[in-house]
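Work through the exercises below with the structure open beside you. Try each task before you read its solution.

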Amino acid sequence: MRIGILKTGSLPPAIAARWGEYPQIFSRFLEQADPGITTFGLDVDGGAPLAAPESADGWLISGSRHGVYDDLPWIEPLKTFLRDAVAGGVPVVGVCFGHQILAEALGGRAVKSDRGWGIGVHQYEPQDVPDWAARLAAPWSGIAIHQDQVVVPPSGARVLMRSEFCPYAALAYGPPDAPVALSVQPHPEYEPELLRALAADRLKQVVPQDRLQQGVESLVQDVDPTPWALTIMDFFRLAAAREHAA
């Protein structure tokens, strides 16, 4: 299986030197669930042209420091690409910014929330979880880093997970047993030490100090990327099986 990772933001140089950029981070994350997959990155925010949706078995949209409402030359083409992928049956996964722009592309709305910044380990409760995503049917703790969030889900989107801070924390699109897209607001691919490094670098310039400190202190709680890594790969495999049967 060949998964394209759409890089929509860059990490600070010192952090990228240690952990890699988003394509490398997501490759390691997905390989936990399937060591046999192949991934490749497209530097969308760096100006790389988007490939045809069918040139990969699936796509994953990374996080970003940008907002879906920013006037950037690649935002609208990316929305068009996502609509084309979904219409063509090519599975798409969005994480953080990817969650927001996927919702926007498919008719929802994401904004800079008046709830402010969500930073650190947040607890998420399962909602309308279908059988194929049964690994998400228990409460889950994950790392959040966002001020923007989805406030209006697209018509027909299923809410898989919510928190007090983020009511639409994970969405699935399409029929319950045949989803066409999947997205999540927190960062299941992040490890606590990465957030600590971000807090000492970029985040201290934009997040209120008290909120940032609370977020860093929350990192003593356990986080487990496994349910989301496995669920994302289950989603890609489900779509591949449908394509093979067709």
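**Exercise 1.** Which residue in β2 does Ile3 stand opposite?

*Solution.* Ile3 stands opposite Thr39 in β2. Now look at the strands themselves. Strand β1 (residues 2-7) runs parallel to β2, and 6 bridges join the two. Strands here are DSSP runs of E with at least two residues, helices are runs of H or I with at least four, and both are numbered from the N terminus. Two strands pair if DSSP finds at least two bridges between them.

The model is predicted: local features need pLDDT of at least 70, side-chain atom pairs count only at pLDDT 80 or more, and totals for chains, interfaces and linings use all residues. Residues are numbered from 1 along each chain as its sequence is written, and side-chain values use heavy atoms, with hydrogens and water left out.

**Exercise 2.** In what order do the 9 strands form the open sheet?

*Solution.* Read the order as β2-β1-β3-β4-β11-β10-β9-β6-β7, with mixed pairing. Next, find the edges. They are β2 (38-43) and β7, each of which pairs on one side only. From one strand to the next, the twist averages 25°. Contact means heavy atoms within 4.5 Å.

**Exercise 3.** At what angle do helix α3 and α4 pack?

*Solution.* Start with the axes, lines fitted to C-alpha atoms, for helices over the stretch in contact; angles run from 0 to 180 degrees between N-to-C directions. Helix α3 (residues 75-87) and α4 pack at about 75°, with axes 9 Å apart. So α3 is roughly perpendicular to α4 (65 to 115 degrees). Now list the contact. Ile75, Leu78, Lys79, Leu82 and Arg83 of α3 meet Phe97, Ile101, Leu102, Glu104 and Ala105 of α4. By class, that contact has 7 nonpolar, no polar and 3 charged residues. Ala, Val, Leu, Ile, Met, Phe, Trp, Tyr, Cys and Pro count as nonpolar, Asp, Glu, Lys and Arg as charged, and the others, Gly among them, as polar.

Definitions and conventions. Parallel < 35°, antiparallel > 145°, perpendicular 65-115°, else oblique.
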